[in-house]
Amino acid sequence: MIRVLYIHMIGAFGGASRSLAEAVQAVGPSALKAHFVVPSGTAAEHFGDLGEVVAARGLAQFDNTRYSHYRGLRWLVLAREIGYLPSTVNALFKARRRWPDIDVVHVNEFTGIVPWLLARWLFNVPVIVHVRSVANDDKSLRTRFVSHLLRHKAEAVIAIDETVKTSLPPDLAVDVIHNSFSQTASVVGTDLFANHQMRRSSFKVGFVGNLLRVKGIHELVEAARITRDAGLDVEFIIVGGDAAPAKGLRAWIARLLGVAQNSGDEVRDAIAAHGLARDFHFIGATKDIAQAYAKMDALCFPSHFDAPGRPIFEAAFAGIPSIVAVNEPKPDTIIDGVTGIAIPPRNAAALASAITELASNRERAAEMGKAANQLAGRNFDPVENGMQLLAVYRRILAD
């Protein structure tokens, strides 16, 4: 049995934590014993079902992703990360005392540089770094520093797809292991749409994610206005809610720095202003994601990250095509015109055009959904991907 310490950087349970949890479950307790260091929150609660957890007030990160790397006033965000240094050190020392016999450290995002290096020193075991976000690939000193760490301070680097791998140094050895999705049946006895009157004839477009600006929710509202004005019968199913209350001193500072993301109130105001209330159905966060996908004809993933996300293959397992904001789609996640439609990020007009294309040809949308389902079965099976992860553990321990 391999004893693995997972360092997960985000307290809220989301796509990255769900994918990690499903990989751990797929490998199984007979081959892997899981331990977690994670910020306090819903992720810690879910990981507690899989292994022992040390919860920290926060874990310090250094963000050099393509979308949110430090620039201008964003450099002030580093003050928050510096503030998390004591809790980071405390959590890892506590983990070292509690679990002295760890075999492998697995850092679940490459932004966790401080806990990554500290854990490497404390446990003196091989480290795997999981790259889930598209890396900033400029020629800056910080990018060269992060690349140096990936080359020399990690025994293995895992990318979640070819898009992420392409953003890493071409000479870096990278294993591509896709995220996984366990198909679950709809929960019997619940009806997410009991209070929503939806038109039988409408083309139903889904959006899965928190109401954050970076998720492209504002572009979706503008696309809804465009399609409505063009006379199309389209309704929108929004699965998710505000990530956190957008009030108080921290929210005011975030807005001042231009890094505020929560925009639920702005979204609802825009929907009301455009007269779109009858076309939008806010379901909120739910564990019964299968029931939500069952209502959709297509999924929109208009993220600003210029990369595919977990909802794409969740929808694919349900036989639903996706409209994805990505400039250079890779065939392991979306095949443009076959399993869905790729559009430029932050482009409401292109998003509206793609929705129009699918809503006007529902047979083609259904064929894309079938192709997406086949692609998901090849790349996102949790058992297969879990075995690939276990093989990486065994390889670096053998080395």
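Asp137, Thr143, Ser147, Ser167 and Pro169 lie nearest the centre of the second largest pocket, which has 18 lining residues. This is a predicted model, in which local features need pLDDT of at least 70 and side-chain atom pairs count only at pLDDT 80 or more, while totals for chains, interfaces and linings use all residues. Residues are numbered from 1 along each chain as its sequence is written, and side-chain values use heavy atoms, with hydrogens and water left out.

Back to the pocket. Its volume is about 260 Å³. Helix 6 (residues 141-152) gives the largest share of the lining, six residues. Helices here are DSSP runs of H or I with at least four residues, strands are runs of E with at least two, and both are numbered from the N terminus. On a 1 Å grid over the protein atoms alone, a pocket is an open set of points with protein on both sides within 12 Å along at least five of seven lines; a cavity is a set where a 1.4 Å probe fits but cannot get out; lining residues have an atom within 4 Å of a point. Points are joined across faces, edges and corners, and a volume is the space filled by probe spheres set on them.

Next, cavities. The structure holds one of 30 Å³ or more. The largest cavity has a volume of about 100 Å³. Of its 13 lining residues, Ser19, Ala23, His130, Ile177 and His178 are the closest to the centre. Helix 1 (15-27) and helix 15 (382-398) are the elements that give two or more residues to that lining.

Now two backbone cases. Most residues other than glycine have a negative phi. Asn124, not a glycine, has a positive phi of about 55°, and sits in the loop between helix 5 and strand 5 (127-131). Asp306 also has a positive phi, near 60°; this residue is in the loop between strand 11 (298-301) and helix 12 (310-317).

Are these two buried or exposed? Asn124 has a relative accessible area of 68%, so it is exposed. Asp306, at 15%, is buried. The cut-offs are under 20% for buried, over 50% for exposed and partly exposed in between, with a 1.4 Å probe and protein chains only.

Last, Leu276, in the loop between helix 10 (264-273) and strand 10 (280-282). Leu276 counts as buried because its relative accessibility is 0%. Neighbours within four places in sequence aside, Leu276 contacts (heavy atoms within 4.5 Å) Val221, Ala224, Arg225, Arg228 and Ile271.
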